[in-house]
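Let's take a look at some charged side chains and who they pair up with. Have the sequence and the 3D view open while you read.

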Amino acid sequence: MHTISIHQFGGLDELIYSKQSRPQLGPGEVLVKTAAAGVNPIDWKTCSGGGASQFITDMPFIPGWEFSGLVADPGDTDFKLNEAVFGMIRFPQPAGCYAEYIAAPAEQIARLADAADLTAAGGLPTASLTAWQALFEKGELKAGQQVLILGAAGGVGHLAVQLAKWAGAHVSGTASLHNHEFLATLGCEHAIDYRHQSLSEYTNSMDLIIDCVGGDTGIEALPCLKPEGILVTLPSVTKDQVIAAGLAQRRRVEAIRCEPSAQQLRQISELVADEQLKLHIGETFPLEKAAEAFSLSMSGHVCGKLILTF
Ligand SMILES: NC(=O)c1ccc[n+]([C@@H]2O[C@H](COP(=O)([O-])OP(=O)(O)OC[C@H]3O[C@@H](n4cnc5c(N)ncnc54)[C@H](OP(=O)(O)O)[C@@H]3O)[C@@H](O)[C@H]2O)c1
């Protein structure tokens, strides 16, 4: 099977498109013929020696933690041959999703309620689970609350806007001006051009802030929280900084590490089938062009998700 792998941490030149043998199935695992695999910032951060690289002990390492595809061998599980499935698996341990076949733990994947768009489904698991867990678990979101999404046009952000709206919240979001029309189509009530507009008019007005940008951006948004509000910060590399600033300003800051959840994926899949949630594909790349997808993701200004196709 074709894969993308690295033999050492480093730059984009380390990504190698080559053939490797198919993974062997263990107990409770399903063999999936991959249709699509999402590209997330954690993929290039890890390949360059940051991100989850402390969990990568063996080389070659096949990156990728999320996928969609068809069941090629259900093993000893309840899944059926050719069922359409998707999942985020094993994170932060290696999962090997940039490959034509994946051995996936059955308890971390879900059937697709509507398999019409397998490509979009490949980019859904990580960003939608992160948005779900940030809004409803760490962020304790309730209907009627005011939510601000920092980085609302990105992979996690654009799904967080839709999920917050679905939950009955009032949603504001920051993005470059050219993405404001896109945010309006998602149900975002106030789009803020973070390059030219200050957040001062939102002081003390937010119940929840989802910080998809981190660092100074998260810190500068803290005064927007109501005294009892919560800011959930996503980028792990700056989380300590944002937490420290929250402590100094007596504002509650929560960090997050996205966890696999088949149960949440089933709910997300139902929302997609009901047209309440839609993944926006920024661009697709054939697997062998993973380096181009990484390069674009590293620019930090992708709208929606980048997806590798097989
Ligand atoms: N802790 C976890 O479990 C977890 C899980 C998932 C992701 N993450 C992290 O969360 C971050 C976001 O992930 P993602 O997949 O959403 O990334 P992404 O898709 O690459 O985010 C790109 C978006 O960021 C926006 N952006 C960049 N700088 C900004 C700024 N200063 N203010 C507002 N928006 C800005 C861009 O907006 P414009 O193009 O409109 O300028 C773009 O739409 C990454 O650091 C990722 O590693 C953490």
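Glu254 counts as partly exposed because its relative accessibility is 22% (buried is under 20% relative accessible area, exposed is over 50%, and partly exposed is in between, with a 1.4 Å probe and protein chains only). This is a predicted model, where local features need pLDDT of at least 70, side-chain atom pairs count only at pLDDT 80 or more, and totals for chains, interfaces and linings use all residues. Residues are numbered from 1 along each chain as its sequence is written, and side-chain values use heavy atoms, leaving out hydrogens and water.

Glu254 forms a salt bridge with Arg252 (a side-chain nitrogen of Lys or Arg within 4 Å of a carboxyl oxygen of Asp or Glu). Glu140 joins in too: Glu140, Arg252 and Glu254 make up a network of salt bridges. Arg252 is partly exposed, at 34% relative accessible area, and so is Glu140, at 36%.

A search of the whole structure turns up seven salt bridges, including these:

| Pair | Closest N to O |
|---|---|
| Lys305 and Glu66 | 2.7 Å |
| Arg252 and Glu254 | 3.1 Å |

What does the Lys305 and Glu66 pair tie together? Lys305 sits in strand β15 (residues 305-309) and Glu66 in strand β4 (residues 66-73), so the pair ties together parts 239 residues apart in sequence. Strands here are DSSP runs (E, at least two residues), and helices are too (H or I, at least four), numbered from the N terminus. Both Lys305 and Glu66 are buried.
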